[in-house]
Amino acid sequence: MRSEKQNYYKAYLRYLKLQRGLSENTLEAYRRDVEKLLNYLTEEQKDAIDMELEDLQHFAAGLHDIGIGPRSQCRILSGVRSFCRFLQLDGFRDDDPSELLESPQIGDHLPAVLSTEEVDRLEASIDLSKWEGHRNRAIIEVLFSCGLRVSELVTLHLSDLFLQEEFIRVLGKGSKERLVPISKRAIKELGLWFDDRRQMNIKPGEEDYVFLNRRGAHLTRTMILIMIKQQALAANIQKTISPHTLRHSFATALLEGGADLRVIQALLGHEDIGTTEIYTHLDTSALRRAILEHHPRNIRNTRKENLLY
């Protein structure tokens with residue numbers, strides 16, 4: 001595989017230089033873009049010959065997560081599309097997996113963020129008479145209350161849940177684990193989903209996945225994307241949203257509530273080396289305190305509890 005990888009990589013650079021006549025600076029930019037993609041695929045133990053649209057979407061989401069701006073994301077993804085087209089044209093693969101890859105919108109507006117009230121509307125729009133109703137509410141609540149990437153949500157296992165301690169274990173990028181506090185609201189929604197889940201016929205090997213489809217297999221990123229968009233329409237939310245919007249809303253809610261930026265980055269599982277060194281000194285009690293004090297789900301519960309006493 002290594003020699004094949006070297007072959008198509010070198011062939012692509014040759015193509016850029018000889019057939020497209022790019023300048024050295026532009027050629028260097030394209031080379032860096034492809035190396036970012038290839039490094040990501042190596043971490044995921046995949047090869048460019050076998051990559052799919054979902055792999056490219058995960059890569060694109062990762063660019064946002066490490067703080068790369070929309071314009072730079074667009075430029076990098078342009079280089080990735082050029083590379084994918086080359087692989088198809090030169091016969092290294094039969095298709096172009098980047099054909100449906102979307103670029104971030106460039107403009108003066110910040111990425112879409114949902115308020116707590118809008119998240120409530122999103123959840124309230126779910127038809128609980130359908131078998132997947134409680135499941136979908138639990139998905140939205142966990143995404144918003146814990147700030148997970150959708151790829152982390154679909155691979156969440158029952159063995160990763162420590163609900164009595166109010167923590168979940170998340171397997172992030174590069175197979176790095178982190179502990180994230182989970183709100184009582186999210187635990188309640190999970191409990192309602194588990195009541196329905198116990199009635200299902202689950203496929204062998206899928207028993208430990210938290211979220212399942214009607215056939216008893218774990219969900220995919222695309223399934224959750226479709227569900228979120230459908231619920232946004234049902235809730236009459238005019239913003240263009242995705243599962244990542246709920247992650248962004250989680251971080252924004254904490255930041256607006258006064259949480260320390262370093263704690264938010266630790267909760268999100270960002271992989272920047274410089275900041276990771278700082279985060280290793282934060283214990284789980286600091287992470288829990290940040291969510292209890294600053295996330296709107298918990299602020300509301302705390303106020304209600306205070307009124308009872």
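This is a short tour of one predicted protein model, stop by stop.

**Before you start**

Residues are numbered from 1 along each chain as its sequence is written. Because the model is predicted, local features need pLDDT of at least 70 and side-chain atom pairs count only at pLDDT 80 or more, while totals for chains, interfaces and linings use all residues; side-chain values use heavy atoms, with hydrogens and water left out.

**Stop 1: the whole chain**

Show the protein as a cartoon. There are 14 helices and three strands. Helices (H or I, at least four residues) and strands (E, at least two) are DSSP runs, numbered from the N terminus.

Now think about burial. Buried means under 20% relative accessible area, exposed means over 50%, and partly exposed lies in between (1.4 Å probe, protein chains only). Of the 309 residues in the protein, 46% are buried.

Next come contacts, meaning heavy atoms within 4.5 Å. Take the contacts between residues at least 6 apart in sequence: 60% of them join residues at least 24 apart.

**Stop 2: confidence**

Colour by pLDDT, the predictor's confidence in each residue, from 0 to 100. The mean is 83, and 83% of the residues reach 70 or more. Select residues 272-283, where the pLDDT is below 50. Beyond near neighbours in sequence, this stretch has 10 contacts in the model. Where pLDDT is low, the predicted coordinates should not be read in detail.

**Stop 3: salt bridges**

Side chains of opposite charge can pair when their charged atoms come close. A salt bridge here is a side-chain nitrogen of Lys or Arg within 4 Å of a carboxyl oxygen of Asp or Glu. How many salt bridges does the structure hold? The count is 17.

Select R75 and D33. Their side chains meet in a salt bridge, 3.0 Å from N to O. This pair links distant parts of the chain: R75 sits in helix α4 (residues 70-89), D33 in helix α2, and they are 42 residues apart. R75 is partly exposed, at 38% relative accessible area. D33 is buried, at 2%.

Move to R198 and D195. Their closest N and O atoms are 2.8 Å apart. Is R198 buried or exposed? R198 is exposed, with a relative accessible area of 59%. D195 is partly exposed, at 40%.

Then select E152 and R149. Their salt bridge spans 2.5 Å, N to O. Both E152 and R149 are buried.

**Stop 4: a charged network**

Select D120, E123, R137, R185 and E189. Salt bridges link these residues in a network. Focus on E189, in helix α8 (residues 184-197). E189 counts as buried because its relative accessibility is 3%. Leave out residues up to four places away in sequence, and E189 touches H134, R137, A138 and E141.

**Stop 5: a pocket**

Two terms come first. On a 1 Å grid over the protein atoms alone, a cavity is a set of points where a 1.4 Å probe fits but cannot get out, and a pocket is an open set with protein on both sides within 12 Å along at least five of seven lines. Lining residues have an atom within 4 Å of a point. Grid points are joined across faces, edges and corners, and a volume is the space filled by probe spheres set on the points.

Go to the second largest pocket, with a volume of about 680 Å³. It has 29 lining residues, and the closest to its centre are E44, H58, S151, T155 and L171. Elements giving two or more residues to the lining are α2 (24-43), α3 (53-65), α7 (150-154) and β2 (167-171).

For residue classes, Ala, Val, Leu, Ile, Met, Phe, Trp, Tyr, Cys and Pro count as nonpolar, Asp, Glu, Lys and Arg as charged, and the others, Gly among them, as polar. This pocket's lining has six nonpolar, 10 polar and 13 charged residues.

**Stop 6: a cavity**

There is one cavity of 30 Å³ or more. The largest cavity holds about 40 Å³ of space. Select its lining: E152, T155, L156, D160, R169, V170 and L171. Which element gives the most to this lining? β2 does, with three residues. By class, the lining has three nonpolar, one polar and three charged residues.

**Stop 7**

Finish with Q231, in helix α9 (residues 221-234). Q231 is buried, at 12% relative accessible area. Leaving aside neighbours within four places in sequence, Q231 is in contact with L122, S125 and I126.

A124 is exposed, at 58%. A124 and Q231 are 107 residues apart along the chain, and their C-alpha atoms are separated by 9.3 Å.
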